[in-house]
Amino acid sequence: MAKNPLNNKYVAVGQWDASVTNLANNASASCTTGSVFIPEGALITNAYYYVETTFADGNDDSAQLSLGYTGTTGAFVASIAISDGSNVWDAGAHATLIDSPVLGADAAHDTAVEVANLRSASFKHITANSELLLTTNDDEAVETGKLTLYVEYVLTGDLS
């Protein structure tokens, strides 16, 4: 029996290390070990990341970072300061905006189908090959920090 590649789940893994990669000057940085792409036609169903070394800018940690891909640099983590109280750039495991329920007016969500539909609203369809990016959103250099991003996706075959 032939394998159908459209039924397989893939995981793209990107890593950034501020001690190696220049993270300054309102720029998007490719992964430290080289560019990682999500292919056209992919449907991103989940993303999460692990911060090995807490990020710091060498000053007051006001530098803002975002995590995403070409064209949507805040798809996984919207621009937020290192010093923000949510601690998204601190060591440990972190969730992203993908696979997070998009809660509406009805907070009760009585059925599994309803919750699943809320979660699927955060999925992203990729319409062109898209590079994973960590973006600095101000001129303050990020001096330390290391994270690994995991992006789960399936190939839909929809290359629109």
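**Close-up 1. Gly68 and the residues it touches.** Gly68 touches Thr73, Ala75, Phe76, Glu131, Leu132 and Leu133, with residues up to four places away in sequence left out. Here, contact means heavy atoms within 4.5 Å. This is a predicted model: local features need pLDDT of at least 70, side-chain atom pairs count only at pLDDT 80 or more, and totals for chains, interfaces and linings use all residues. Residues are numbered from 1 along each chain as its sequence is written, and side-chain values use heavy atoms, with hydrogens and water left out. Gly68 lies in strand E5 (residues 64-69). Strands (E, at least two residues) and helices (H or I, at least four) are DSSP runs, numbered from the N terminus. Is Gly68 buried or exposed? Its relative accessibility is 0%, so Gly68 counts as buried. Buried means under 20% relative accessible area, exposed over 50%, and partly exposed in between (1.4 Å probe, protein chains only). Gly68 and Leu134 are 66 residues apart in sequence, yet 6.5 Å apart in space, C-alpha to C-alpha.

**Close-up 2. Ser66 and its polar contacts.** Ser66 also lies in strand E5. Ser66 is buried, with a relative accessible area of 1%. Its side chain makes a polar contact with the side chain of Asn137 (3.3 Å). A polar contact is a pair of N or O atoms within 3.5 Å; within protein, one must be able to donate a hydrogen and the other to accept it, and residues adjacent in sequence count only if both atoms are side-chain atoms. A polar atom of the Ser66 side chain also lies 3.4 Å from the backbone oxygen of Thr73. Beyond four places in sequence, the contacts of Ser66 include Gly74, Val77, Trp89 and Leu134.

**Close-up 3. Tyr48 and Tyr150, an aromatic pair.** The structure holds five aromatic pairs. Rings of Phe, Tyr and Trp (its six-membered ring) pair if their centres lie within 6.5 Å; planes under 30 degrees apart count as stacked, over 60 as edge-to-face and the rest as tilted. Why is the pair of Tyr48 and Tyr150 stacked? The ring centres are 5.6 Å apart and the planes are at 20 degrees, so the pair is stacked. Tyr48 lies in strand E4 (residues 42-56) and Tyr150 in strand E10 (residues 144-155), so the pair ties together parts 102 residues apart in sequence. Tyr48 is partly exposed at 30% relative accessibility. Tyr150 is partly exposed at 28%.

**Close-up 4. Phe55 and Trp89, an edge-to-face pair.** The rings of Phe55 and Trp89 are 5.9 Å apart, centre to centre, with 65 degrees between the planes. Both residues are buried. Ring pairs link Tyr49, Phe55 and Trp89 into a cluster.
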